[in-house]
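Here is a short report for someone meeting this structure for the first time. Please look it over, then read on.

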Amino acid sequence: MSFVRVKDLLEMGKKNNACVLAFDAADGNMIKSVIKGAEAAGKPVMVMLYPGMRNIMPFGVFAETTKYYAERASVPVGLHLDHCSDFDMIMEAIHEGFSSVMADGSVLSFEENVAFTRKVVEVAKNFDVDVEGELGHVGTAADSDEFSRKEFFTRPDEVKEFVERTKVTSLAVSFGSAHGLYKSTPKLDIDHLKVLSAATDTPLVLHGGTGIPDDQLALAFANGINKINIGTEFFNLNTKLNQEFYAQDFTKCDPFGFPEYIQPKLTEYIAGRLELSKITL
């Protein structure tokens, strides 16, 4: 158990025709809660850092904190750098201990995306680091409805070529999801996902997991999605709990009781979300 390669977690998903859940975190309380929640659920899990959060926890601190709790855990735990389009920043994360990174070239042309992602993979393999790429465009839910427009979906005819030329460990694809909070209930195009899944044996990733109905997620997991990213709803819960704790009258409570207040609630949330995963250990 304990700290494992993301590649191994994805293989577990493929073997079980199921999905590993990956949660963005930003501090020690969130990291510990993700892993404790996974232990409570008896499920594997991934802990991720969004690059913009390194002002809260630098890459090396985040990696070592995750490994510390993972090595003491009773379930497999993976570590991953979420969306990053900066080559130098990705290299920094690798040198600081990240065992999996995302090379996000999705805003580039197909050829530019291939070149950028392949460059990351070629360096990362020397450090036994896994690389997730992205093909198609997973937009931001709050900005527009582009996530539901099929012209932004991953093109099936490009999937096989992209995977073969880049040698990515996993591939994030677009078929109706978006990052952030949806203005209306999203509707994943499962038929499109089936075509994407048929084009490659490489594990596929769903971004924008917050707000997608559980029945749609179950269909996605049964039809090729082996990893799902969840960030917004976890961060929102963390913020809410912070507000609740610091709104207390500290003349009548423990001003240092923050971990004891927040971690059980975060852990309960993680354990509940992990019920979506059908992976058995």
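What covers the buried residues of α4? The cover includes α3, β3, β4 (100-103) and α5. Cover here rests on contact, meaning heavy atoms within 4.5 Å. Helices (H or I, at least four residues) and strands (E, at least two) are DSSP runs, numbered from the N terminus.

This is a predicted model: local features need pLDDT of at least 70, side-chain atom pairs count only at pLDDT 80 or more, and totals for chains, interfaces and linings use all residues. Residues are numbered from 1 along each chain as its sequence is written, and side-chain values use heavy atoms, with hydrogens and water left out.

Helix α4 spans residues 87-95. Its buried residues are Phe87, Met89, Ile90, Met91, Ala93 and Ile94. Buried means under 20% relative accessible area (1.4 Å probe, protein chains only).

Helix α2 covers residues 28-41 and has 14 residues. From first C-alpha to last it reaches 20 Å, close to the 20 Å expected at 1.5 Å a residue. The expected span is 1.5 Å times one less than the number of residues. In α2, Asn29, Met30, Ile31, Ser33, Val34, Ile35, Gly37, Ala38 and Ala41 are buried. Their cover includes β1 (20-24), β2 (45-49), α3 (59-70), β3 (77-84), α9 (232-246) and α10 (258-273).

|---|---|---|---|---|

**A buried glutamate**

Glu132 lies in strand β5. Is Glu132 buried or exposed? Glu132 is buried, with a relative accessible area of 1%. Leaving aside neighbours within four places in sequence, Glu132 is in contact with His80, Val101, Met102, Ala103, Ser170, Ala172, Val205, His207 and Lys227.

**The second largest pocket**

A pocket is an open set of points on a 1 Å grid over the protein atoms alone, where a 1.4 Å probe fits, with protein on both sides within 12 Å along at least five of seven lines; lining residues have an atom within 4 Å of a point. The second largest pocket holds about 260 Å³ of space. Of its 17 lining residues, Lys7, Asp130, Lys167, Val168 and Thr169 are the closest to its centre. α1 (6-16), α5 (110-124) and β5 (130-135) each give two or more residues to the lining. The largest share, four residues, comes from α1.

Methods. Buried < 20%, exposed > 50% of the residue type's maximum accessible area, 1.4 Å probe, protein only. Points joined across faces, edges and corners; volume = space filled by probe spheres on them.
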